[in-house]
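Here is a short briefing on aromatic rings and their partners. Take a look at the structure, then read the points by topic.

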Amino acid sequence: MNKIKCECGHVNPEGTVLCESCGKPVEGNQHIDGNQDSKLLNMRYDGSARRSQTYKKSIVDKIWSFFSSVKVGVWLIVIALVASIFGTIFPQEEFIPQNAVSRDPAIFYEDRYGILGLIYYQLGFHNLYSSWWYMVLIALIGISLVICSLDRFVPLFRALRNQSAKKHVKFLSRQRLYSETDQISKEEIDQLASNLKKSKYKLTYDDGHILAEKGRFSRWGPYVNHIGLIIILLAALLRTTPIMFSEEYMWIREGEQMVIPGTEGQYYIKNEQFVMETHDPEDERFQEAILKEGEIPSNFQTDVIIYEAKNADIPGAEPELEEQSRQSIQMNQPAKFDGYTLYQSGYQVNEFDSFTFKIHETDDENETALSTFSIDLSEPQSTYELDNGFRVELTNYFPDYVMTEEGNPASQTNHPRNPAFVMTLFPPESETGEVSFLGIGKNIDATGENDFKISMEDFELRDASGLTLNADRTLPFFIVGAAIFMIGVIQGMYWQHRRVWIHPTDNGVFLAGHTNKNWFGIKKDIEKSLEGTSINMVNDQQELDE
């Protein structure tokens, strides 16, 4: 590494623009950071050597230089923002409505949004925020922030740590605020220094030269911002891992108890009651909507009991449940327990719970029941042994019956919203079965020669709740990152790094000042400090040039 030795004796790293000790411009490097042919010095990073501006030979140097560019970082952020906008045009895959014709993305987007939805799906925007290329884009932004920060933080830290009160005349005369005064007494210089100290400036002395400085910590504001942003980006990446974030959707019926998916068998839930309240049809505010849509819910909630299985870590053991809490889950009032959150996301009222069937002779006009049986739609049995020697085998069960385009029966979902059955009835002492197809409003004799008929006699209904289980362990990272980011914003916005150099000569004094922003403020500080002295007020050389 080449070194640059200044006439003051200080040895500077290669790429230094202003000597780290005396501030004299290094003539050969005045093209860096826009100092060439400029009367005023560009004080960015106090003229310290930056790696990206110095080494550009190896592939590592070129990669470092690429990611240290602010323009590159801004473009990466713009690309991420544009991509995010496209991700909000249609709902993401995990937000496909539960009542959609099909929750299969390949079907849903084209069915709901037509050709635009098909293009949206084929381009992969339906799963944007967890796609590999979006994660790579977020990672590149993080890399850019890290390299951009290091490339500027290290030289700035070195320059500010080595602040010297004794500066070269060229350094002082090329500051934006500068003045020269002849025939000044030492007492007046001391008065100026005393006044600056009263204005909260910290004074550093070196052989009669004085540096008055305050607000240095504000220079670290942008880097504190970067730390906060990096933490937020790391949290966004961690959110794609199942360890840090998981989301499960579950249906649970009234009176049903089940293990909560995603908790590895540690927690169970019981649906005590589902409650739905609707807006008053006499209320004028809702009458038009009620005429179009029917009843409009004003509130729907699920009253649940959360249990914890104390022996969840023992494989195959019967769970020993201990009640942990009783909660009512509403739209804006989720249930929370042990880092998990349960949201009320949907409901299904009047869902079929069970069907009761009777068997009678086909030719019996009175349909006198020879035997009856009930099917629990949550746990249907494969065979039902009945009184009088009848046996019914449940050959096929379609909870949510639909006929496909090919003319075959199928089920849209696993929820008993439109149940249909294929049953084989075996009369007493007969091994020959009679096949029937039964559904809502359907009772079809497959052969037309059945001696016995199965008819629906009764049914029971119950409500079902759609709950979303969310476990987001990245939220503390987002909060910490956002807090650090705001600290950096406040740090850099409300304070300024102000410096005043007092350079005594044989009979007079050179006075120079610099700040990273708010030049009006530092001018007022200097003007106030010059009261009671005959030292000339600094001139704003930038305004003079203009």
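The points below cover ring pairs, a ring cluster and charges over rings.

The model is predicted. A search of the whole structure finds 37 aromatic pairs. A pair of aromatic rings is described by the distance of the centres and the angle of the planes.

**A tilted pair**
- Phe300 and Tyr347 form a tilted aromatic pair, with 4.6 Å centre to centre and 55° between the planes.
- This pair links distant parts of the chain, 47 residues apart.
- Phe300 belongs to strand 9 (residues 297-309), and Tyr347 to strand 12 (residues 340-361).
- Phe300 has a relative accessible area of 13%, so Phe300 is buried.
- Tyr347 has 29% relative accessibility, so Tyr347 counts as partly exposed.

**A stacked pair**
- Tyr397 and Phe421 have ring centres 5.4 Å apart and planes at 10°, so the pair is stacked.
- The pair links distant parts of the chain, 24 residues apart.
- Tyr397 sits in strand 15 (residues 391-398), and Phe421 in strand 18 (residues 420-426).
- Phe421 is buried, because its relative accessible area is 1%.

**An aromatic cluster**
- One aromatic cluster is formed by Phe86, Phe90, Phe108, Tyr109, Tyr113, Tyr120, Tyr121 and Phe125.

**Charges over rings**
- Arg176 lies over the face of Trp519, at 4.5 Å from the ring centre.
- Trp251 has Arg417 over its face, at 5.2 Å from the ring centre.

Notes. Residues numbered from 1 in each chain as written. Predicted model: local features only at pLDDT ≥ 70, side-chain atom pairs only at ≥ 80, totals over all residues. Heavy atoms only, no water. Phe/Tyr/Trp six-rings, centres within 6.5 Å; stacked < 30°, edge-to-face > 60°. Helix = DSSP H or I, 4+ residues; strand = E, 2+ residues; numbered from the N terminus. Buried < 20%, exposed > 50% of the residue type's maximum accessible area, 1.4 Å probe, protein only. Lys NZ or Arg CZ within 6 Å of the ring centre and 35° of its normal.
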